[in-house]
Amino acid sequence: MRPPALSVVGWSGSGKTTLLTRLVPELRQRGLRVGVVKHSSHAHPLHREGSDTARYAESGAAFVAFANPAGVQLSFPEPPEQVLALLERFAGTVDLVLVEGWKHGPLPKLEVWREGLGPLLAAERRDVLAVVGEAPVPEGMPRFGPEEVQGIAAFLQQCLRDGVLSR
């Protein structure tokens, strides 16, 4: 079973990373253990070309880890569609996983929206739970300002209690 998870989606430049870097400490302060996954639809190498870790990955290793005094980075040779299966490995170690991106993924979503970047996804999608930004949202959908981190955290805690993020 995977830990509860939510995708934080929006157009490039909408403020997803900024929101997450503010939201994670707020959730931690509330006692939640939070993991974060950055999902990208753009292919780029996970390891520096010619590095030892790149060579290990190319050799077919089941996983490759790079450890130094700053921490441990772990990569798996799995397609991005396997993110949910990989998250099962973290059941019991985190209370919530926030995935930045993955608009078309199967997770419930929090949309970060900014004028002029693209259409509001929530207007067409049922998997968007709430919107962060000054958008006209569908009737009954919660909307938060980008600075309302405490309100967003409270909303996510309620979603956790209701089991909305465990589906």
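Biologist: Which residues of α1 are buried, and what makes them count as buried?

Modeller: In this predicted model, K16, L19, L20, L23, V24, E26 and L27 of α1 are buried, and the word applies because a buried residue has under 20% relative accessible area. What covers these residues of α1 includes the strands β1, β2, β5, β6 and β7 together with the helix α4.

Biologist: How do you know that the length of α1 is close to the expected one?

Modeller: The helix α1 has 14 residues, and from its first C-alpha to its last it reaches 20 Å, which is close to the 20 Å expected at 1.5 Å a residue. Just after α1 comes G31, which takes a positive phi of about 95°.

Biologist: What makes β2 and β8 the edges of the sheet?

Modeller: Six strands form an open sheet in the order β2-β5-β1-β6-β7-β8, and their pairing is parallel. The strands β2 (34-38) and β8 (143-144) stand at the edges because each has a single partner strand, so that one side of each is left without a neighbour in the sheet.

Biologist: Why can β7 and β8 be called a pair, when two bridges join them?

Modeller: Two bridges join β7, residues 128-132, to β8, and because at least two bridges are what a pair requires, the strands β7 and β8 qualify. The two strands run parallel, and V131 stands opposite R143 in β8.

Biologist: Which parts of the sheet do the helices touch?

Modeller: Helix α1, residues 16-29, packs on the sheet and touches β1, β2, β5, β6 and β7, while its direction makes about 170° with that of β5. Helix α4, residues 149-162, also packs on the sheet, touching β1, β5, β6, β7 and β8, and its direction makes about 175° with that of β7.

Biologist: Which residues of α4 are buried, and what covers them?

Modeller: The buried residues of α4 are V149, I152, A153, F155, L156, Q157, C159 and L160, and their cover includes β1, α1, β5, β6, β7 and β8. After α4 comes G163, with a positive phi near 75°.

Biologist: How is the packing of α1 against α4 described, and which residues meet there?

Modeller: The helices α1 and α4 pack at an angle of about 65°, with their axes 9 Å apart, and their crossing is right-handed. From α1, the residues L19, R22, L23, E26 and L27 meet V149, Q150, I152, A153 and L156 of α4. By class, this contact of α1 with α4 has seven nonpolar, one polar and two charged residues.

Biologist: What is the arrangement of side chains along β6, and which strands does β6 pair with?

Modeller: From β6, K109 and E111 point one way and L110 and V112 the other way, and all are buried. Three bridges join β1 to β6 in parallel, and β6 and β7 pair in the parallel sense over four bridges. K109 has S7 opposite it on one strand, and K109 also stands opposite V128 in β7.

Biologist: In which sense do β3 and β4 pair?

Modeller: Strand β3, residues 64-68, and strand β4, residues 71-75, pair in the antiparallel sense over five bridges. A hairpin joins β3 to β4 through two residues, and A67 stands opposite V72 in β4.

Biologist: Why is A85 called partly exposed, whereas W102 is called buried?

Modeller: A85, which is found in helix α3, has a relative accessible area of 35%, and because this value lies between the 20% and 50% limits, A85 is partly exposed. W102 has a relative accessible area of 12%, which is under 20%, and therefore W102 is buried. W102 is found in the loop between β5 and β6, and its phi is near 70°, a positive value in a residue other than glycine.

Terms used. Residues are numbered from 1 along each chain as its sequence is written. This is a predicted model: local features need pLDDT of at least 70, side-chain atom pairs count only at pLDDT 80 or more; totals for chains, interfaces and linings use all residues. Side-chain values use heavy atoms; hydrogens and water are left out. Contact means heavy atoms within 4.5 Å. Axes are lines fitted to C-alpha atoms, for helices over the stretch in contact, and angles run from 0 to 180 degrees between N-to-C directions. Buried means under 20% relative accessible area, exposed over 50%, partly exposed in between (1.4 Å probe, protein chains only). A crossing is left-handed if the near helix is turned anticlockwise from the far one by less than a right angle, and right-handed if clockwise. Ala, Val, Leu, Ile, Met, Phe, Trp, Tyr, Cys and Pro count as nonpolar, Asp, Glu, Lys and Arg as charged, and the others, Gly among them, as polar. The expected span of a helix is 1.5 Å times one less than its number of residues.
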